[in-house]
Amino acid sequence: QVKLVESGGGLVQAGGSLRLSCAASGLTFSRYHMGWFRQAPGKEREFVSAIKWSDSSTYYRDSVKGRFTISRHNAKNTVYLQMNGLKPEDTAVYYCAADARNWDGKYDYWGQGTQVTVSS
């Protein structure tokens, strides 16, 4: 079965960096769009970033542009989210997701999430 496992979350001071990883199994990773989402307490889950399988085009929500970088390593079945210049408002549970059809639609598979806490 498909499994997505996030890691790399933690507690960091404002201005610091973290790199999230998401290891995928049970699917042909190179043929899946991969996305990162986040959900802060009391808020709805929101899109953060995505990378297409076809040409590795990348997409970001406006608030993270210039600070976050998504990348993928198909041989390792892993997608990364490098987060620099972290702000307290980036605090959330971060989820990775996979979908074969659309990077901007409903994703079929989800990980369990990893907590990112940014202190001021």
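What follows is a walk through the fold, the disulfide and a handful of individual residues of this protein chain.

The structure is a predicted model, so local features were considered at pLDDT of at least 70 and side-chain atom pairs at pLDDT 80 or more, while totals for chains, interfaces and linings use all residues. Numbering runs from 1 along each chain as its sequence is written, and side-chain values rest on heavy atoms, with hydrogens and water left out.

Starting with the overall fold, the protein chain has eleven strands and zero helices. Here helices (H or I, at least four residues) and strands (E, at least two) are DSSP runs, numbered from the N terminus. Read along the sequence, that gives the pattern β-β-β-β-β-β-β-β-β-β-β. Along the principal axes, the C-alpha atoms fill a box of roughly 40 × 25 × 25 Å.

As for burial, 42% of the 120 residues count as buried, with buried meaning under 20% relative accessible area, exposed over 50% and partly exposed in between (1.4 Å probe, protein chains only). The accessible surface comes to about 6200 Å², and carbon and sulfur atoms own 45% of that; these areas come from the Shrake-Rupley method with a 1.4 Å probe, and for residues only the protein chains shown count as cover. Of the contacts (heavy atoms within 4.5 Å) with a separation of 6 or more, 56% are between residues 24 or more positions apart.

Next comes the disulfide, a pair of cysteine sulfur atoms within 2.5 Å. By this rule the count comes to one: Cys-22 pairs with Cys-96, and their sulfur atoms are 1.9 Å apart. The bond ties together distant parts of the chain, with Cys-22 in strand S3 (residues 18-25) and Cys-96 in strand S9 (residues 92-99), 74 residues apart. Cys-22 counts as buried because its relative accessibility is 0%, and Cys-96 is buried too, at 0%.

Strand S9 also holds Ala-97, which counts as buried because its relative accessibility is 0%. Leaving out neighbours within four places in sequence, Ala-97 is in contact with Leu-4, His-33, Met-34, Gly-35, Phe-37, Tyr-107, Tyr-109 and Trp-110. Val-64 is another matter: 33 residues from Ala-97 in sequence, it sits 18 Å away, C-alpha to C-alpha.

Gln-13, in strand S2 (residues 10-13), has 60% relative accessibility and therefore counts as exposed. Not counting residues up to four places away in sequence, Gln-13 touches Val-118 and Ser-119.

Most residues other than glycine have a negative phi. Ser-56, not a glycine, has a positive phi of about 60°. Ser-56 is found in the loop between strand S5 (46-51) and strand S6 (58-60), and at 38% relative accessibility it counts as partly exposed. Asn-77 also has a positive phi, near 55°. Its place is in the loop between strand S7 (68-73) and strand S8 (78-83), and with 26% relative accessibility Asn-77 counts as partly exposed.
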